[in-house]
Every structure is written in C-alpha cells, then in structure tokens.
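Subject: Structure for your review

Dear colleague,

Please find the structure below, followed by a summary of what was found in it.

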Amino acid sequence: MTITETMVGFRGVGKTYPKQALPVLEGIDLELREGEVVALIGPSGCGKSTLLNILAGLTDVSTGTVDLARSDLRSAYVFQNPRLLPWRTVLKNVEFALEQIGVPAEDRRRRAVAALETVHLSEHLDKYPNQLSGGMQQRAALARGIAIEPTLLLLDEPLGALDALTRSYLQEELLRIIAELKTTTLLVTHDIDEAILLADRVVVLSSRPARIREIFEVPFGPTRSLDTIIGDPRFGALRHEIRELLRPEVAA
Ligand SMILES: Nc1ncnc2c1ncn2[C@@H]1O[C@H](COP(=O)(O)OP(=O)(O)OP(=O)(O)O)[C@@H](O)[C@H]1O
C-alpha cells in the first residue's frame, strides 16, 4: 500500500480466493474522500464484505492496489451480529477494545463511557449482552467501534439482523452518529433507502465478480433526516434508478 491524497483509493482492484475459478472482485476503482460516507449495495455474495476485509487488512488483493492517505489508518469494523463478549459487561466490552489498541488503563473507562453515551447506552453500562435487546447490543457494538476513534469506519450490514422497526430507529441514530463523528465510512447494506439516507454516495455493484455499475451522488445535505427526505421527489427518483439498475444483477 502507498500513500496518496485521498483517504483510500482502490485502483483496479481484483480478488480471487485461492482454489476458486471465478473472481469475487474485478477492476474496482473507487476513492473514499476524507469524512464522506459511501454505501456499497449489490446482490448477495457479490463481494461487498471482501472489499471491507481488504481495507481492514484481513485479506489481500489479487490484482491492483489500495492506496491510503495516511499510514496510521485505524479502521473499526462493525458487523451484522454484535459479536460482544458474553462474559463481560457492556462497559467492559468497550474497554476491552481500547485495551487491545494499547489505550492506558486510566483513559479506557472515560473513553468507553463517552462512546456508550453517544449511542445512548449510558443507563446500561453494567449489563451483560444477554440482558440487552438486539438493537441495544448493536448499539454497544457500534460504541466499541467508535471508542477507538477510527479514521475509517467499516459497517457491514450493521442493522441487517434487526427487526424493521428497531432498524428504522437505529438508522436515524446512525445518521446522527456518523454526522457527529465525521469519520470516513464505508457501509455495506442491502437496503436502498438506508443507503440513500446514510450515504453521500451510493456505489452499485454487479453480481459476482463485483464490478462497479454506477456511483450515485446523494443530493441531501448533512442535516437530512428520514422525515425530510422521504417526501423529496429526488429520493423517489434515486431509489427507482438504483432499484432498476440492481434488478438484472439480483436476478443473475
Ligand atoms: N475466505 C474466503 N475463501 C473463499 N471464498 C470466500 C471467502 N470469503 C468470501 N468468499 C466467497 O466470496 C464471495 C463473496 O463473498 P462476500 O462475503 O465478500 O460477499 P457479500 O457481497 O458481502 O455477500 P453478502 O451480501 O451475502 O453478505 C462469496 O461467494 C463467498 O463465498
């Protein structure tokens, strides 16, 4: 990886897993600008998580390069399932993440409490994961991610396992949190509305091997809310365009 001006630049990135004939990613050219939120949307199994895994350093590229603006890039990865340690309280789960990156003991509690405040879990610091609802566990997972003060937030369907109602409230929360943090964010979602609500740009991927079909700029500013954009004709038009672009890909 080399140093560039954009936060992250995928240049002609391809990925084929060992012993697999068909690539997962092909010719991915994508730049993430500092502070922007980019949503990836595409058919199931097309390679979205693989892109995030590459950024997280969990797997390497087969072709092309990934250029990083800074060498001290720190990514936080939030998954569809909260993956909390069941034998630790919510607070201790977040403190543990801070311990892992070498934050001194005296700072861990303060930073963990602040992150849990951001996700509105201050009342539940001493609860164990199994005492929390799915939505609250997911908030805790998010707090664990943001506590490390990442320069890059990787969200892999963070609301995907939640019921529709919890999900819609957490979408609003996520919108607020992302706006507060101003962290460069790459969000994988299967939900077109969620992508438009949360992202500055929506990247539509083809079926496997994933190629970029189109990148849409979302015309709503940082003070957007679900209520304000849902009645905006541009929202309906964008949703329709993305939906129609995805239709043959999903069928494939
Ligand atoms: N470590 C691995 N080894 C081999 N194949 C893998 C590995 N990880 C993923 N794959 C395969 O690569 C393809 C893309 O997987 P990936 O998880 O990146 O897709 P995705 O778009 O995130 O999927 P979904 O939408 O279902 O979450 C899948 O067919 C998957 O089986």
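By class, how many nonpolar, polar and charged residues does the shell around the ligand have? The shell has 3 nonpolar, 6 polar and 1 charged residues, where Ala, Val, Leu, Ile, Met, Phe, Trp, Tyr, Cys and Pro count as nonpolar, Asp, Glu, Lys and Arg as charged, and the others, Gly among them, as polar. Surrounding the ligand are Tyr 17, Gln 20, Val 24, Ser 44, Gly 45, Cys 46, Gly 47, Lys 48, Ser 49 and Thr 50 (C-beta atom, placed from the backbone, within 6 Å of the ligand).

This is a predicted model: local features need pLDDT of at least 70, side-chain atom pairs count only at pLDDT 80 or more, and totals for chains, interfaces and linings use all residues. Residues are numbered from 1 along each chain as its sequence is written.

Helix 2 (residues 90–100) and helix 3 (residues 105–118) have axes that come within 9 Å and cross at roughly 120°. Helix 2 is therefore oblique to helix 3 (angles under 35 degrees count as roughly parallel, over 145 as roughly antiparallel, 65 to 115 as roughly perpendicular and the rest as oblique). The residues of this contact between helix 2 and helix 3 comprise 7 nonpolar, no polar and 5 charged.

The axes of helix 2 and helix 4 (residues 134–147) also come within 9 Å, crossing at roughly 30°; these two helices are therefore roughly parallel to each other. The contact of helix 2 with helix 4 has 7 nonpolar, 1 polar and 1 charged residues.

With kind regards

How values were computed. Axes are lines fitted to C-alpha atoms, for helices over the stretch in contact, and angles run from 0 to 180 degrees between N-to-C directions. Helices (H or I, at least four residues) and strands (E, at least two) are DSSP runs, numbered from the N terminus.
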